[in-house]
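Me: I am new to this structure and would like a close look at a single part of it. Could you pick a pair of packed helices, and then show me what surrounds their chain?

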Amino acid sequence: MKSAATARRDAGPPIFKRQLPLFVTAGIFVALFLTAAHFYEGFFSARVFISLLSENAFLGIAAVGMTLVIFSGGIDLSVGAVIGFTSICTATLIEKHQLAPELAWTLALAAGAGLGAGMGSLIHFFRLPPFLITLAGMFLARGAGFWISTDSIGINHALYGKISAYEWLFGTAAIPAGALFLITVLLAGYAVAHHTRFGRTLLAIGGNEQSALLMGLPIGPAKISVYAVNGFCAALAGIVATLYTGSGNPGMGLGLELDAIASVVIGGTLLTGGRGHMLGTLLGVLIFGTIQAAILFDGRLSSWWMRIVVGALLLVFILLQRFFLRRK
Amino acid sequence: MCAELLELRGIGKAFPGVVALAGVDFTVRAGEIHALLGENGAGKSTLIKVLTGVHPADAGEIRLNGAVIRPGAPKEAERLGVSTVYQEVNLVPSLSVAENITLGRQPGRFGFLNWRAIRRRARAALARLEVECDVDAELGSLSVARQQMVAIARALDTSARLLVLDEPTASLDEKEVAELFGLMRKLRAEGMGIVFVTHFLDQVYTVSDRLTVLRNGQLVGEYVTADLSRLELVGKMLGREVSDADFTSHVAAPAATMQPVLAARGLGRRGAIAPVDLALHAGEVAGLGGLLGSGRTETARLLFGIDACDSGEISLKGATVRVASPRDAVRLGLAFCSEDRKAEGILPNLSVRENLLVALQGKRGALRALSPAEQVQLCEHYIKTLRIKTADTETPIKNLSGGNQQKVLLARWLATQPAVIILDEPTRGIDIGAKQEIEQLIAKLRADGLAVLFISSEIDEVVRNCSRVLVLRERRLTGEIAGAEITSERLMHLMAGTHE
Amino acid sequence: MKAKSPVIWPLLGLAALVLLNAVHDLGFLKITLLDGHLYGVPIDILTQGSRTMLVALGMTLVIATGGVDLSVGSVVAIAGAVCAVLLQGGHSLALTLAAALGAGLLAGSANGLLVARLGVQPIVATLILMVAGRGLAQLIVDGQVIIIKSPAFEYLANGFLLGLPVAPLLVVALYLATHLALRRTALGLFIEAVGDNETASRFAGLAAARIKALAYIFCGAGAGLAGVLAAANIRAADAYRAGENMELDAIFAVVVGGTALTGGRFSILGTAVGALLIQTLTTTMYNLGVPPAIAPVPKALLIIGVTLLQSDKIGRWLGGLWPKREAA
């Protein structure tokens with residue numbers, strides 16, 4: 001007789017007994033959050049926790065797309081620039097061309113996905129290294145963003161005011177729109193990664209591309225699509241950024257690709273592909289946010305500690321994965 | 001049951017520079033286990049890849065149940081009923097057992113996977129094989145034997161009528177092999193056709209009904225296993241009939257009292273080669289005989305420090321030495337020509353000169369660079385004495401023919417003035433003329449006082465060149481013959497395991 | 001027939017760019033002698049391009065071994081920060097330069113250790129320092145932009161020697177020294193061998209891991225020196241902006257210079273030309289009145305074009321269009 005718990009487990013994707021990095025990540029997050037709560041008064045509150053999500057909404061949205069790309073053994077360095085491009089693009093379309101925000105968003109999302117698909121095609125058809133092609137994509141998007149406008153443009157559309165003022169009351173906690181966007185994208189990303197053939201194909205390609213080929217999986221379409229999806233996510237992150245700041249700025253998201261990659265890796269996803277979990281990416285973003293919030297709360301610690309701590313965590317996780325894999 | 005399940009007629013396949021298959025016929029009946037045999041380069045893997053649509057054939061036709069099929073991709077072959085388990089387990093180790101069985105054909109609805117159904121289906125596939133296995137386990141955490149079973153379960157998850165097993169037993173122990181055979185017999189009884197690629201002769205006789213032998217991309221013949229003696233089979237694989245005029249070695253052995261240059265005692269590595277003792281003397285060509293997979297290359301790799309041994313020791317001129325890397329080996333005066341010229345030998349984009357001098361330069365160290373004049377002199381010397389055909393010393397080595405590439409690699413090692421040289425299949429994939437030249441060179445090296453360890457699948461070559469032969473079978477040293485004892489027949493007996 | 005030198009393509013590109021500029025404005029080529037010093041756009045290009053040339057020199061060797069070093073930009077920032085702090089503390093120039101070089105060596109050793117000894121993928125390994133390095137640089141200068149008041153130090157980047165600018169002279173001297181060190185010893189051969197076929201090199205008795213580590217250490221040292229030049233050029237250590245996008249320019253210079261990203265054959269002369277080509281492109285944009293922020297776009301297009309030309313598939317297509325004449 002199967003218990004209810006087994007039956008439930010049976011309906012979801014497999015959780016390995018050796019999903020070690022994920023547990024380490026969860027442990028680190030809890031430890032960090034509790035340490036911060038111990039030192040800083042008022043840190044241990046629903047408000048701070050929700051702000052972790054809303055303050056890092058566009059990082060998190062970009063990290064979801066990045067997770068999928070890294071699943072497949074690739075990497076995309078263009079996301080920060082795409083965020084900058086879509087943010088200024090949206091702002092210009094709305095303010096200068098009087099386009100309805102919905103239409104501007106659609107165009108921005110299409111541009112992001114299109115750029116991603118283009119880079120994916122180059123990577124797949126010509127077997128070019130992803131990091132180089134997406135570097136070129138980064139230059140392209142950043143340059144194009146500054147081409148549109150070198151200055152930031154404020155958006156004064158009624159819809160923007162409405163959305164940025166919106167809060168969803170969850171019990172006593174008020175959840176702002178940014179956090180809701182992030183949660184939605186994370187859920188969608190989780191569904192794609194763990195409940196669709198596409199997601200599993202990506203993991204198979206990242207795990208062993210030769211095997212995936214011999215298993216008859218559609219490698220080309222999957223690889224091109226994943227860069228398109230990532231471009232879409234980056235564009236969405238750019239739009240959320242305009243909502244958050246109420247303006248478009250071509251310089252937005254500078255270096256954000258590194259933060260996104262770091263969040264994914266700290267979340268226990270193998271940077272060489274084939275192994276990982278979307279839940280880990282959420283934890284990675286939360287760890288990222290906690291460090292940032294703690295530095296902010298402290299007031300004495302400088303912002304650069306952020307990068308150093310993130311670099312150290314990256315090192316720890318990469319070495320952990322190295323030894324974890326080598327032991328087998 | 002005797003229906004022709006699969007018929008391949010006149011299959012031809014060429015890759016740039018090589019004809020891998022020429023006019024090969026191959027027939028498998030429903031309800032039989034059909035062994036596919038051949039030495040390296042015989043064309044077994046290519047034939048399988050043609051059959052499974054990885055490399056579509058250039059010529060010929062494939063019929064399955066009488067209907068012509070042209071699989072253009074693995075997925076198509078699978079749909080047609082041809083399922084394959086490849087040599088190295090071609091699954092994704094970081095995914096679960098259930099996923100590996102169903103990947104690419106997972107049940108689901110509205111684009112979302114139905115994990116419950118995936119697990120059910122995986123359990124059913126494993127149950128059919130009578131394998132107990134947690135479908136949620138990560139594949140990489142299982143033993144290779146288990147992974148192999150999962151791969152077979154995946155192959156059978158479709159409505160397979162023909163199952164191709166490409167060297168499935170290579171990394172299994174005896175008990176696991178027995179289990180696999182039980183499974184194969186069960187499937188045979190269900191009417192499935194099974195193609196079984198292996199190089200273990202015992203296994204061929206244990207499990208197969210009929211067999212097909214390929215050699216150098218051509219069909220040697222199709223036989224009923226029970227009607228073909230082991231010795232005859234080895235003869236077919238090596239391209240020699242037992243009735244052929246029997247060669248005897250005429251190579252003089254050096255004085256036996258001499259201290260060996262290189263000696264190994266109990267040298268072994270688990271899963272690669274059982275501990276062996278061997279000694280090489282100056283001025284002799286010792287052969288390392290055996291069929292493919294008998295542990296020849298593995299022994300050479302241990303001697304040269306490529307793989308770490310887990311037992312035994314190596315001594316050079318009587319003194320025990322540590323050979324932890326090829327670098328150590330080169331500094332001690334060893335040289336090793338790998339059988340895989342492309343992956344382990346040439347530096348494809350570098351020039352003939354650089355390829356020729358890299359080992360000598362490595363031995364001297366970076367700072368004691370050879371002067372341009374010395375380089376030219378050395379290159380010209382070897383190009384002349386080995387008759388290397390190249391436009392000039394600056395031509396990239398990838399532009400040379402296989403035989404000339406091989407000569408450059410030999411020159412690479414001769415330039416280091418080694419005391420011992422290990423030649424692993426030095427004549428593979430090169431033309432007849434170059435083969436003869438390389439054999440002459442080996443004779444000259446012996447006369448110059450080098451100790452040569454010669455590894456070859458060509459039985460005649462071993463007889464012609466060696467004054468002593470160590471024979472390996474199934475990863476252990478099973479015999480040693482010397483001088484006039486070396487005849488092709490005796491060698492074949494030793495290799496086939498029919499000498500007692 | 002001798003094989004065509006790979007330097008020919010970037011050289012042609014450079015010539016075409018110079019020609020374009022000269023047609024647009026004849027003054028482009030003008031070099032004037034003022035106070036016994038040479039001035040003019042070509043001299044500016046040399047001076048401004050010297051930092052990229054320096055970083056690209058080390059990058060060439062790393063790429064030749066089949067790797068890549070993403071951390072050079074951060075190392076530039078670290079070295080500049082070290083210089084500023086030491087000079088501010090009244091230390092001697094010699095000690096300052098030694099410390100900056102030492103910082104570069106240390107960074108390179110860390111990368112070399114991860115890649116060669118622990119077998120971490122180069123992109124992944126150097127990403128750690130790319131993220132953490134900038135934080136470290138900011139930590140060293142405590143987040144300030146430190147003004148450097150040392151004429152001797154500034155002389156390194158902006159001074160003149162016998163009428164010629166010092167920085168390009170230094171870089172050219174380093175190129176020559178490196179060339180001699182690589183080609184008069186067997187180091188160049190070893191690096192090319194390891195990059196061309198690592199297994200075969202190891203089997204031929206080369207210490208592949210050591211050679212790879214050496215390339216990263218050299219690259220780190222080059223980045224350290226480039227950091228000195230960058231700080232001397234602006235007479236300040238700007239930990240936020242120094243070396244920004246330097247890794248990209250360096251990788252581009254190497255690739256445009258004809259060294260394949262897959263490793264093996266390298267040409268440091270090609271790299272030098274590639275670096276000048278990129279600097280000239282930037283200057284050209286400036287001369288044509290294109291805002292500097294848009295300059296990345298043509299760079300991106302250039303790099304995509306060059307990598308496409310180098311890819312096997314395009315090579316086969318072009319080979320079909322212009323059948324190769326058989327060499328007699």
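Reply: Happy to! In chain A, helix H4 (residues 57–71) packs with helix H12 (residues 219–245) at an angle of about 180 degrees, and their axes are 8 Å apart. Helices here are DSSP runs of H or I with at least four residues, while strands are E runs of at least two, numbered from the N terminus. Axes are lines fitted to C-alpha atoms, for helices over the stretch in contact, and angles run from 0 to 180 degrees between N-to-C directions. The packing angle therefore makes H4(A) roughly antiparallel to H12(A) (angles over 145 degrees count as roughly antiparallel, under 35 as roughly parallel, 65 to 115 as roughly perpendicular and the rest as oblique).

Before going on, please note that this is a predicted model, where local features need pLDDT of at least 70 and side-chain atom pairs count only at pLDDT 80 or more, while totals for chains, interfaces and linings use all residues. Residues are numbered from 1 along each chain as its sequence is written, with chains lettered from A and ligands numbered from 1 in the order in which they are written.

Now for the residues that meet. From H4(A) they include A:Phe58, A:Ile61, A:Gly65 and A:Leu68, and from H12(A) they include A:Tyr227, A:Asn230, A:Cys233 and A:Tyr244. Two residues are in contact if their C-beta atoms, placed from the backbone, lie within 7 Å. By class, the contact of H4(A) with H12(A) has 18 nonpolar, two polar and no charged residues. Ala, Val, Leu, Ile, Met, Phe, Trp, Tyr, Cys and Pro count as nonpolar, Asp, Glu, Lys and Arg as charged, and the others, Gly among them, as polar.

Let us step out to the neighbours of chain A. Its contact with chain C takes 35 residues from chain A and 33 residues from chain C. On the chain A side, helix H7 (130–148), helix H13 (256–266) and helix H15 (304–326) each supply at least two residues. H15(A) gives the most, with 12 residues. This side has 26 nonpolar, five polar and four charged residues.

Next comes chain B, where the contact takes 25 residues from chain A and 27 residues from chain B. Helix H1 (4–11), helix H10 (197–207) and helix H11 (209–214) of chain A give two or more residues each to the side of chain A that touches chain B. The largest share, five residues, comes from H10(A). By class, this side of chain A has 10 nonpolar, nine polar and six charged residues.
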